[in-house]
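Visitor: I would like a close look at one part of what is shown next. Please stay with that part and its surroundings.

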Amino acid sequence: MEQLLTSSADAAENPKFLKKKPLIISGPCSAETEEQLIATCTQLAATGKVDMLRAGIWKPRTKPGLFEGIGTKGLPWLQKAKQLTGLPTTVEVATPKHVEDALAFDVDVLWIGARTTVNPFSVQALADALRGVDIPVFIKNPVHPDLELWMGAVERLQKTGNQKIGLIHRGFASYGNTEFRNAPMWHLPIEMKRRLPELPIICDPSHICGNRTGLAAVAQKSIDLDFDGLMLESHIDPDNAWSDAKQQVTPQRLAELLDGLTWRHETTDQQEFLNKLSQLRAQINQLDEEILHLLGRRMQVAESIGSYKKENNITILQASRWNEILEHGIQQGQRLGLTEDFILKYFDAVHLESINRQNRVMNQK
Ligand code: PEP
Ligand code: MN
């Protein structure tokens, strides 16, 4: 564990409490039997690519009747896995009793699951149970895309004096069939990184994807966004796992997946690279400035249209005109290599701002 965490003495130089980047956490979704857990954990350790073992002991399941975790009985198994492999362990806690039990069995790191982060009462109860306990706690994003709730959970833990808080991005629930089990909505973890740059953030591709095929791409994307590590579920017999069977991989497959990733650094001191990067960034700044100027002009024109419509008592919105703008934009965007999704988001934002500006012009007394 010492290799992974910064001591209080060097914390001033390295505000992130994690020493090792990337931090790789793996293990089964759920501890099922002693044999399954020990076999999975020893195989993971043998790959030499895993820094910490995970296992779900208490499982928050959507419906009763599904496997709800082996419970406290599984903690000695995890403790044994730790002794056999020398690797630290982490479990999900959702109640003060879970905290008490996990601590009694030497668990090194705790995490708060997505279904718990959504509930301020539960998070507060955990924060109270953890007051004065020196243990790292990772907070998963809440199930739905509510950044303030995620921030709130961090604040509740921070208020107890805990200096070792990290974040886990596990994606956000959305209704209907989508490519992901939980949509990554990357802009949200990016915003958390911006607001809380001193907190390590790791990505959980398993719960984002809900399948095995997408894991590598999501993991790579998180590395490219400078995340601090990965949490990936693994199981000696994934197809027969008691929970999350579709997304788990064998320890061997996990090692191959990790080998296939390209690890990148946040920066370098190579002068040539830095010069080239700053030239390109200067171009971006220049272009952004031009775009903003054009947008400013566009809004002025929108206001002129607003006063003209006001004089003639015409509505702000004409659906046919809006369709025409979108169709044209999508076609032109395609020619320029811009995705339809981006064009729609862009025009939505611009159009809404235009409507607000026209509204102000038309309704000012
Ligand atoms: C888990 O990690 O197994 C889990 C329950 O995840 P989440 O809280 O992201 O649903
Ligand atoms: Mn799981």
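Which are C29 and E233, buried or exposed?

Guide: Both C29 and E233 are buried, where buried means under 20% relative accessible area, exposed over 50% and partly exposed in between (1.4 Å probe, protein chains only). This is a predicted model, in which local features need pLDDT of at least 70, side-chain atom pairs count only at pLDDT 80 or more, and totals for chains, interfaces and linings use all residues. Residues are numbered from 1 along each chain as its sequence is written, chains are lettered from A and ligands numbered from 1 in the order in which they are written, and side-chain values use heavy atoms, leaving out hydrogens and water.

Helices (H or I, at least four residues) and strands (E, at least two) are DSSP runs, numbered from the N terminus.

C29, H207 and E233 also belong to the residues around ligand 1, a shell counted by heavy atoms within 4 Å. Among the others there are R54, K59, E92 and W111. The shell divides into three nonpolar, two polar and seven charged residues. An oxygen atom of ligand 1 is 2.7 Å from a polar side-chain atom of K140; for an N or O atom in the side chain of R115 the distance to a ligand 1 oxygen is 2.9 Å, and for a backbone N or O atom of A114 it is 2.8 Å. Ligand 1 taken alone exposes 300 Å², of which the protein buries 98%; these areas come from the Shrake-Rupley method with a 1.4 Å probe.

S30 lies in the loop between β1 (23–27) and α1 (34–47). With 0% relative accessibility, S30 counts as buried. Its side chain makes a polar contact of 2.6 Å with that of S243, meaning a pair of N or O atoms within 3.5 Å, one able to donate a hydrogen and the other to accept it. Setting aside residues up to four places away in sequence, S30 touches Q36, G56, K59, F67 and S243, with contact meaning heavy atoms within 4.5 Å.

Key: Ala, Val, Leu, Ile, Met, Phe, Trp, Tyr, Cys and Pro count as nonpolar, Asp, Glu, Lys and Arg as charged, and the others, Gly among them, as polar.
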